[in-house]
Number of protein chains: 2
Amino acid sequence: MTDATDRDRPAPLDPDMFHPLCPSSAMPFRVGDKWSGMVIRCLQDGPRRFGELRVPLKAVTPKVLSETLRAMERDGLVTRTAYDENPPRVEYTLTSLGRTLIPLLDAARAWSETHLPALLAARGAAGSLD
Amino acid sequence: MTDATDRDRPAPLDPDMFHPLCPSSAMPFRVGDKWSGMVIRCLQDGPRRFGELRVPLKAVTPKVLSETLRAMERDGLVTRTAYDENPPRVEYTLTSLGRTLIPLLDAARAWSETHLPALLAARGAAGSLD
DNA sequence: ACCCCCGGTTACCGCAACGGAACCGGCGCT
DNA sequence: AGCGCCGGTTCCGTTGCGGTAACCGGGGGT
C-alpha cells in the first residue's frame, strides 16, 4: 500500500523488545504504572496504534493497556488521536512532556545494566540461606 | 554526652524533609517500594537508627518501615547492624550498591522540579472538565 | 511494682492495581 | 447471513501493598 497513512510511520515494533528476562520487571524503579515505562519506549520512535502496542506488550490485556493510556493522557504524557475510518484507527503519540521522561528511562536502564546483577545476586543469596 | 557513639554521626534529620507538599508523592517514579527512595535520602549522609528514620518519615508505621528496610537489606542496598546494648541500638547504612541509586534519585528530583507542575496542571485540567 | 526506653512483631483489614474472559459496534467482505 | 477487523468496555476475581492497633522483651530508673 504505502499510502499517506504510512508516511512518518516508524519501523515496526520488535515483538520481543520486552523479553521475559528483560530487566524491566526486576528493576527497582517504576515510572507511573506498571506498564507506563514500556509504553513510552514503544512510542519513542513515533506514533503507534493500540493494536501495535499490544505486539511487544503481549502480556498486557486490552483493559489494562487502555487504562494505562488513559492515565498517561490525563497526565499529559501522550495524546490520543482517533481517525474516523473503518476499521477504526487510533494513534497514540508522546507529548513533549512525555518525551522528557525518556532520559530518565535511559538512566534507569543504564543503572540496571550495571548494577542489577549485583542486586539479584544479593536477593538470591538472602533467599537461599537466610 | 558526645561520647564514642556520637562520632561519625551526621547532622540530625530534618523532620520536615518530606513535607506533605514535597513532590515525592505525586512524582511518576518509584524506586522499589513506596518508602525506599525516602529511606535512601535519609541514609545518604551516614548511618541512621530506626527511630531516627521515623522522624522525617513520620507517616510510615514501624511495621512498614521494618518491612521496607528488610527488603532493602535482602537486595543488598542497606546493611543492618545491631549493637548489643541497652536500650537496644540498631543502625542502618547504605551499601555502595545502595549509593548508586542516589544519582537516579537526583535525576528524578530534577525532573520533578522542572516538569511536575506541567503534569499536575494537565491532570487538574483533565479532572475538572473532561 | 511500675513504667519507660528502643526496636521491633503479630493479627487483621481495606483498597487499588492487576488480570481473565467475554462482549460490543460499525462497516466491509463473501 | 455470517464473519472478521479494530479498539476498546464490562464484569468479576485475585493479589499484594500498605495501614491500624495492639503487643513484646529486657534492662534500668524511681
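Some conventions come before the details. Because the model is predicted, local features require pLDDT of at least 70 and side-chain atom pairs pLDDT 80 or more, while totals for chains, interfaces and linings use all residues. Residues are numbered from 1 along each chain as its sequence is written, chains are lettered from A and ligands numbered from 1 in the order in which they are written, and side-chain values use heavy atoms, with hydrogens and water left out.

Chain A contains five helices and four strands, where helices (H or I, at least four residues) and strands (E, at least two) are DSSP runs numbered from the N terminus. Read from that end, the order of elements in chain A is β-α-β-α-α-β-β-α-α. Of the 130 residues in chain A, 38% are buried, that is, under 20% relative accessible area with a 1.4 Å probe and protein chains only. Contacts (heavy atoms within 4.5 Å) also say something about the fold: among those in chain A with a separation of 6 or more, 61% join residues 24 or more positions apart.

Two copies of a chain are related by a rotation about an axis and a shift along it. Here, chain B is superposed on chain A by a rotation of 180° with 0.0 Å of shift along the axis, at an RMSD of 0.0 Å, which is the relation of a two-fold axis. The superposition is by least squares on the C-alpha atoms of residues with pLDDT of at least 70 in both copies. In chain B, the residue closest to the rotation axis is Arg30(B), whose C-alpha is at 2.4 Å. The copies meet through the same surface, because 100% of the interface residues of chain B are also interface residues in chain A.

Of the atoms of DNA strand D within 4 Å of the protein, 67% belong to sugar and phosphate. The element that gives the most to the surface near DNA strand D is α3(A), with four residues.

DNA strand C is surrounded by 20 residues, the closest being Arg30(A), Lys63(A), Arg70(B), Arg80(B) and Tyr92(B). Sugar and phosphate make up 68% of the atoms of DNA strand C that come within 4 Å of the protein. Its phosphate oxygens lie 2.3 Å from a polar side-chain atom of Arg70(B) and 2.6 Å from an N or O atom in the side chain of Arg30(A). The largest share of the surface near DNA strand C, four residues, is that of α3(B).

Definitions and conventions. Near = heavy atom within 4 Å. Buried < 20%, exposed > 50% of the residue type's maximum accessible area, 1.4 Å probe, protein only. Polar contact = N/O pair within 3.5 Å; in protein donor to acceptor, adjacent residues only side chain to side chain.
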